[in-house]
Amino acid sequence: MTDTHTHLYDEAFDEDFLQALDWAGEAGVGHFIFPGIDSSSYDAMIRRASQAPDRISTAVGLHPTSVDSNWKNELAFVENRLAEGGWCAVGEIGLDRHWSDAFFREQTEVFRTQMLWASETGLPVIIHVREAHDTVFSILDSLREKGIRMRGVFHAFSGSPETYRRIRSYGCFRIGIGGVLTYRNAGIADTVRDIPIEDIVLETDSPWLTPVPHRGKRNESAYLAIIAARLAGIKGLSVEEVDRITTDNARQLFNLK
């Protein structure tokens, strides 16, 4: 399996990073994608990825919650890193009004700019959106009108079938399904019935969004197996089928070897 969104470079794994990789491998996870956040987390991400380069791919981007008064410098940092090449995606990028909308206008500019950079470099995007879907769609509408080609993944998806269909209208977008799928009364459990397995990739977002029965504890990439089993049950597929199809989806989207 491929964990298409994991922050194993977070300080939560400072004491046992390599062990966490081993646990994930024992659970059937063979590849990991590290999304970028901002310049402050960059060194840790690169350092951790260098410890298992054949198993880890990295993305670069400015996370919406990292957009503040220093956003222009942070955006320049992303631009400079992109020019160096070697990335599997631009991300994690997007819009987030959950914690604060003090810099929401700047968020929209940062998001639009990074979407354009992704198109120019031929890379997929990893999109984070929280309490801002209408604005995200408005930006994507404007890009589509200008003929901008778009592809990527909507990370931590928890929307409706209608939202899924809107997303697919923009191009080759996959839906990132994680631990929320295991939560009691989670609406995404109903939505995934209407999402073809060919449009789904698996993710943990570790160390956050821990699946049942481990909620309240640090999330692990090893728990991707729990998410895969839950998805298999909903879809009426074997875990092996879910593994094969979602891994192929990830390889194609992120150009993984």
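Modeller: Two strands pair if DSSP finds at least two bridges between them. The model discussed here is predicted.

Colleague: What makes β6 and β7 a pair, and where does R151 stand?

Modeller: Four bridges join strand β6 (residues 151–154) to β7, and the two run parallel. The cut-off is at least two bridges, so four bridges are enough for the strands to be called paired. Within this pair, R151 stands opposite C172 in β7.

Colleague: Why is Q107 called buried?

Modeller: Q107 has a relative accessible area of 4%. Buried means under 20%, so Q107 with its 4% is buried. Q107 has its place in helix α4 (residues 104–121).

Colleague: With which residues is Q107 in contact, leaving aside its neighbours within four places in sequence?

Modeller: They are P64, V67, G94, L95, D96 and S100. Contact means heavy atoms within 4.5 Å.

Colleague: Is G187 buried, exposed or partly exposed, and how do you know?

Modeller: The relative accessible area of G187 is 43%. Buried ends at 20% and exposed begins over 50%, with partly exposed in between, so G187 is partly exposed. G187 lies in the loop between β7 (172–177) and α7 (188–191). Its C-alpha atom is separated by 33 Å from that of W87, and the two residues are 100 residues apart along the chain.

Colleague: What makes β7 mostly covered?

Modeller: Five of the six residues of β7 are buried.

Colleague: What about N70: where is its place, and why is it called partly exposed?

Modeller: N70 has its place in the loop between β3 and α3. With a relative accessible area of 33%, N70 falls between 20% and 50%, so it is partly exposed. From C-alpha to C-alpha, N70 and T210 are 31 Å apart in space, and they are 140 residues apart in sequence.

Colleague: Which residues are closest to the centre of the largest pocket, and what is the volume of that pocket?

Modeller: The largest pocket has a volume of about 640 Å³. It is lined by 22 residues, and the closest to its centre are H128, R130, A156, D205 and L209. β4 (89–96) and β5 (125–130) each supply at least two residues of this lining. The largest share, three residues, comes from β5.

Colleague: How do the residues of that lining divide?

Modeller: The lining of the largest pocket has nine nonpolar, eight polar and five charged residues.

Colleague: How many cavities of 30 Å³ or more does the structure hold, and what makes a space a cavity?

Modeller: The structure holds two. A cavity is a set of points where a 1.4 Å probe fits but cannot get out, whereas a pocket is an open set.

Colleague: Which helix gives the most to the lining of the largest cavity?

Modeller: α2 does, with four residues. Both α2 (39–49) and α3 (71–84) supply at least two residues of that lining. Among the lining residues are Y9, D38, Y42, M45 and F77. The lining divides into seven nonpolar, four polar and one charged.

Colleague: And what lines the second largest cavity?

Modeller: The lining consists of A156, F157, G176, I177, G178, V180, L181 and I188. It divides into six nonpolar, two polar and no charged residues.

Terms used: Residues are numbered from 1 along each chain as its sequence is written. This is a predicted model: local features need pLDDT of at least 70, side-chain atom pairs count only at pLDDT 80 or more; totals for chains, interfaces and linings use all residues. Side-chain values use heavy atoms; hydrogens and water are left out. On a 1 Å grid over the protein atoms alone, a cavity is a set of points where a 1.4 Å probe fits but cannot get out, and a pocket is an open set with protein on both sides within 12 Å along at least five of seven lines; lining residues have an atom within 4 Å of a point. Grid points are joined across faces, edges and corners, and a volume is the space filled by probe spheres set on the points. Ala, Val, Leu, Ile, Met, Phe, Trp, Tyr, Cys and Pro count as nonpolar, Asp, Glu, Lys and Arg as charged, and the others, Gly among them, as polar. Buried means under 20% relative accessible area, exposed over 50%, partly exposed in between (1.4 Å probe, protein chains only).
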